Amino acid sequence: MTGALELVCPAGSPAMLKAAIDAGADSVYCGFRDETNARNFPGLNFSPEELRAATDWAHERGARVLLALNTFARADATDLWRRSADAAAAAGVDAVIAADLAVLSHMRTNHPDTRLHLSVQAAAGTPEAIAFYAREYGVKRVVLPRVLSVEEIRSLTPEISVETEAFVYGGLCVMAEGRCALSSYATGRSPNLSGVCSPPEAVTFTEDRGERTTRLSGFAIDRLPAGEVGGYPTLCKGRFRGAAGEPAYLFEDPVSLNAMSLLAGLARAGVTAVKIEGRQRGRAYVARVTAAFRAAIDAIGRGESPGPYESLLGDLAEGARETTGAYRKRWR
């Protein structure tokens with residue numbers, strides 16, 4: 001193992017930021033209260049003033065703050081992304097996480113002292129792609145696409161000059177990073193452009209004859225027996241009838257990523273930091289997940305197994321099911 005893994009945790013609000021750091025996060029990532037971040041939900045995120053205060057608070061406790069400017073700037077509204085980039089630098093954040101070439105260029109030209117991390121939205125998973133971002137924009141860390149196995153990461157890290165960050169817990173999106181277009185067809189909004197996937201105001205539930213039907217903008221995307229556990233209604237996790245007539249999850253099952261059992265392997269593969277998903281969740285969720293992964297990472301650092309902590313989060317999983325995702329590609 002090359003060193004202790006950095007634990008990067010979500011902060012959807014100032015209160016969540018404090019909860020994550022108090023529970024053991026080394027770094028937190030957050031976004032502004034606008035379309036420049038991919039978790040643009042009502043009641044979440046930070047104003048520039050809140051970000052500055054939160055960053056000072058975190059630094060006093062030895063923690064780092066990463067600001068996600070990880071959506072793609074629209075041609076008719078580029079000033080919004082510029083203002084957010086400038087506000088992030090003014091707040092003194094430890095890094096800006098971005099994917100859009102214009103945002104990366106603006107940061108390197110106007111704020112060269114602010115560290116840049118490449119968002120998972122950029123889908124950079126080869127030495128050549130990562131070298132491009134490092135050379136042209138000075139990127140210091142890449143958040144790895146969630147399509148790579150541990151062995152692929154092990155092969156990749158010696159070939160690149162930047163740090164790597166890997167998701168290890170939370171929502172598991174469709175495995176084509178940066179291409180969340182399905183939601184826009186139904187709702188007119190998508191995570192990559194407006195920061196919203198299946199906006200809550202577009203979701204409805206109805207019950208009839210012992211079944212619960214979930215709809216998104218009026219489109220039925222799943223039907224379950226009343227009381228059965230189901231995932232949050234997004235089109236990619238909808239259940240539809242295929243050619244054979246049987247209902248099936250065509251794109252992605254409602255299931256949560258939990259790679260705690262692979263932490264030691266990821267560290268040996270050269271991963272610098274591990275990331276928890278969940279800026280749209282509550283303080284209690286973030287505190288509990290952070291504490292469990294903090295304990296697991298510390299156990300590995302002592303040469304112990306993280307096994308005692310692997311079962312602590314099962315009841316938080318979407319659809320009550322967990323997966324290690326692409327990290328273990330058993331189908332190959």
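The model is predicted. The largest pocket holds about 930 Å³ of space, and the second largest pocket holds about 210 Å³. Among the helix pairs, α1 and α2 pack at about 15°, α2 and α3 at about 30°, and α3 and α4 cross at roughly 40°.

**Largest pocket**

- The lining of the largest pocket is made up of 44 residues.
- R39, C173, P191, C197 and E277 are the lining residues that lie nearest the centre of this pocket.
- Strand β7 (163-171) and the helices α7 (182-187) and α8 (191-194) are the elements that give two or more residues to the lining of the largest pocket.
- By class, the lining of the largest pocket has 23 nonpolar, 11 polar and 10 charged residues.

**Second largest pocket**

- The residues that line the second largest pocket are E211, A220, I221, D222, R223, R239, F240, R241 and P247.
- At least two lining residues come from each of the strands β10 (219-225) and β11 (239-241).
- Strand β10 gives the most to the lining of the second largest pocket, supplying four residues.
- The lining of the second largest pocket divides into four nonpolar and five charged residues, with no polar ones.

**Helices α1 and α2**

- Helix α1 spans residues 14-22 and helix α2 spans residues 48-60, and their axes are 10 Å apart.
- The angle between α1 and α2 is about 15°, and the two helices are therefore roughly parallel to each other.
- The crossing of α1 past α2 is right-handed.
- On the α1 side, the contact is made by P14, L17, K18, I21 and D22.
- On the α2 side, E50, A54, W57 and A58 make the contact.
- The contact of α1 with α2 counts six nonpolar and three charged residues, and no polar ones.

**Helices α2 and α3**

- The axes of α2 and α3 lie 9 Å apart, at an angle of about 30°.
- Angles under 35 degrees count as roughly parallel, so α2 is roughly parallel to α3.
- Helices α2 and α3 cross in a right-handed sense.
- Helix α2 contributes P48, L51, R52 and T55 to the contact, and helix α3 contributes A87, A88, A90 and A91.
- Six nonpolar residues, one polar residue and one charged residue form the contact of α2 with α3.

**Helices α3 and α4**

- Helix α3 covers residues 78-91 and helix α4 covers residues 101-110, and their axes come within 10 Å.
- The two axes cross at roughly 40°, which makes α3 oblique to α4.
- The crossing of α3 and α4 is a right-handed one.
- W81, R82, A85 and D86 of α3 meet V103, H106 and M107 of α4.

Note on methods. Residues are numbered from 1 along each chain as its sequence is written. This is a predicted model: local features need pLDDT of at least 70, side-chain atom pairs count only at pLDDT 80 or more; totals for chains, interfaces and linings use all residues. Side-chain values use heavy atoms; hydrogens and water are left out. On a 1 Å grid over the protein atoms alone, a cavity is a set of points where a 1.4 Å probe fits but cannot get out, and a pocket is an open set with protein on both sides within 12 Å along at least five of seven lines; lining residues have an atom within 4 Å of a point. Grid points are joined across faces, edges and corners, and a volume is the space filled by probe spheres set on the points. Ala, Val, Leu, Ile, Met, Phe, Trp, Tyr, Cys and Pro count as nonpolar, Asp, Glu, Lys and Arg as charged, and the others, Gly among them, as polar. Axes are lines fitted to C-alpha atoms, for helices over the stretch in contact, and angles run from 0 to 180 degrees between N-to-C directions. Angles under 35 degrees count as roughly parallel, over 145 as roughly antiparallel, 65 to 115 as roughly perpendicular and the rest as oblique. A crossing is left-handed if the near helix is turned anticlockwise from the far one by less than a right angle, and right-handed if clockwise. Contact means heavy atoms within 4.5 Å.
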